[in-house]
Amino acid sequence: MFIKNELVNFLNETRMYLNPMENKFLRLVLESFNKNFGFQMEIEECQHDNCDLRIDAVLKMKTQNMEFKFSAEIKSIVNLSVIGFMLHHKNDFSCAQLLVSNYINPIMAEKLKNNGINFIDAAGNAYINTPPVFIFVKGNKEKKEQAVSSMGKAFTPSGIKMIYALLCNKMLIDKSYREIAKTSGIALGTVGRVIENLKKLGFVIDMGSRGKKLTSSKALFDRWCIDYAEKLKPKLLLGTFEGPDDFWKEFHLEPDQGQWGGEVAAFKLTNYLKPENAIIYVIDEKLRDIVLQNRLKRTKKGNIEIFKNFWPIDAKQDKSIVHPFLIYADLLEINNQRTIETAKVIYDQNIAGYFRKS
DNA sequence: TAAGGGGAATAGTACATCCT
DNA sequence: AGGATGTACTATTCCCCTTA
């Protein structure tokens with residue numbers, strides 16, 4: 001079953017078909033949705049030949065005399081970055097978006113509704129706003145036994161570090177496990193496990209004697225952004241601090257201390273966004289110096305967030321900002337109008353090129 | 001709210017196998 | 001032979017969930 005998918009993915013970087021687990025999951029959710037709400041929502045066999053954009057599935061919902069189409073996006077977790085992601089891709093397709101997940105909590109349900117993002121989940125929560133159909137249900141409790149959780153064994157904190165390294169350097173996947181471990185900043189024993197899981201998910205193809213290849217890297221990156229925000233980034237937070245208005249213009253930050261992420265990096269890259277909040281990725285031993293040099297005050301709700309950088313120190317690194325992948329991921333999580341617009345620009349100008357067919 | 005029990009993740013290392 | 005490589009294994013850490 002995987003062979004065919006892998007071959008197709010191999011031939012076309014930008015497409016990603018549902019893997020068997022996602023397919024099964026989607027059918028389960030649709031079944032319960034139809035039962036709960038008395039609609040007929042089903043998967044439409046997509047004409048892949050003419051859709052160049054990545055999409056998980058096209059769904060068709062029938063009522064008495066009408067038919068609606070949705071572009072479905074399946075996500076195993078739902079956080080602010082998912083909302084950012086949905087907003088980024090809001091106008092990619094002619095049909096309305098529909099987020100499909102295992103469980104969407106009441107807070108996220110409200111946020112999704114406020115942003116006009118349709119969703120359904122396995123617990124029976126839903127928001128569908130396609131006049132004359134209107135559904136909004138939240139508060140149903142999470143069901144434990146769902147299968148989606150097993151979809152992401154590669155996306156553990158160290159797995160996320162490794163995937164970042166793989167995305168930044170596509171050649172790395174074909175190097176020795178020791179080199180991958182060193183470049184990613186993770187343990188040797190972890191590398192094999194992550195690769196195995198990436199193979200299962202269809203992101204790595206083993207071509208035997210011809211080595212390994214990273215595939216569907218655009219989809220992998222999209223997934224990485226969300227899991228990074230959920231599982232790795234919170235662990236990296238060293239503290240939040242307060243600075244004066246426009247502090248970042250005068251901020252003293254040496255390249256060997258750390259780099260700008262988030263809005264400031266986005267501004268330096270595009271000139272589009274006037275930063276209001278700052279994210280800085282620092283080498284954690286340098287935190288004290290940075291705080292002292294810039295007279296930062298530690299506060300709970302400061303506008304400066306300082307994170308520990310998780311990639312090994314690169315001697316050639318002399319830029320003042322982090323990799324566009326990280327900047328984009330930071331912006332997605334902020335997800336207001338300004339940052340999403342900027343995220344789009346950065347995606348088009350600085351990221352899309354990594355995923356073009358070669 | 002604090003403590004602590006238990007399980008998952010992972011760093012680090014030892015070892016078997018492969019390659020030159 | 002001897003270094004390089006992937007895998008098996010273990011000790012430790014971390015985090016979540018229960019319990020008082």
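**Entry 1: DNA strand C**

I looked up which atoms of DNA strand C lie within 4 Å of the protein: 50% of them belong to sugar or phosphate, and the rest belong to bases. I keep in mind that this is a predicted model.

Next I asked which residues surround DNA strand C. I found S176, Y177, R178, L188 and K235. I then sorted this surface by class and got two nonpolar, one polar and two charged residues.

**Entry 2: polar contacts with the DNA**

I checked the phosphate side. A backbone N or O atom of Y177 lies 2.6 Å from a phosphate oxygen of DNA strand C. K235 also reaches a phosphate oxygen there, but with a polar side-chain atom, at 3.2 Å.

Then I checked the bases. I found R178, with a polar side-chain atom 2.7 Å from a base oxygen of DNA strand C.

**Entry 3: strand β2**

I moved on to β2, which covers residues 57–62. Is this strand mostly covered or mostly open? I noted that five of its six residues are buried, so I call β2 mostly covered, with buried meaning under 20% relative accessible area.

**Entry 4: the partners of β2**

I looked at β1, residues 40–44, and found five bridges joining β1 to β2. The two strands run antiparallel. One pair I wrote down is E44 with its bridge partner V58 in β2.

I then turned to β3, residues 67–75. Six bridges join β2 to β3, and this pair also runs antiparallel. Here I recorded A57, whose bridge partner in β3 is A72.

Last, I traced the chain from β2 to β3. A hairpin joins them through four residues.

How values were computed:
Residues are numbered from 1 along each chain as its sequence is written. Chains are lettered from A and ligands numbered from 1 in the order in which they are written. This is a predicted model: local features need pLDDT of at least 70, side-chain atom pairs count only at pLDDT 80 or more; totals for chains, interfaces and linings use all residues. Side-chain values use heavy atoms; hydrogens and water are left out. Buried means under 20% relative accessible area, exposed over 50%, partly exposed in between (1.4 Å probe, protein chains only). Two strands pair if DSSP finds at least two bridges between them. A residue is near a molecule or strand if one of its heavy atoms lies within 4 Å of it. A polar contact is a pair of N or O atoms within 3.5 Å; within protein, one must be able to donate a hydrogen and the other to accept it, and residues adjacent in sequence count only if both atoms are side-chain atoms. Ala, Val, Leu, Ile, Met, Phe, Trp, Tyr, Cys and Pro count as nonpolar, Asp, Glu, Lys and Arg as charged, and the others, Gly among them, as polar.
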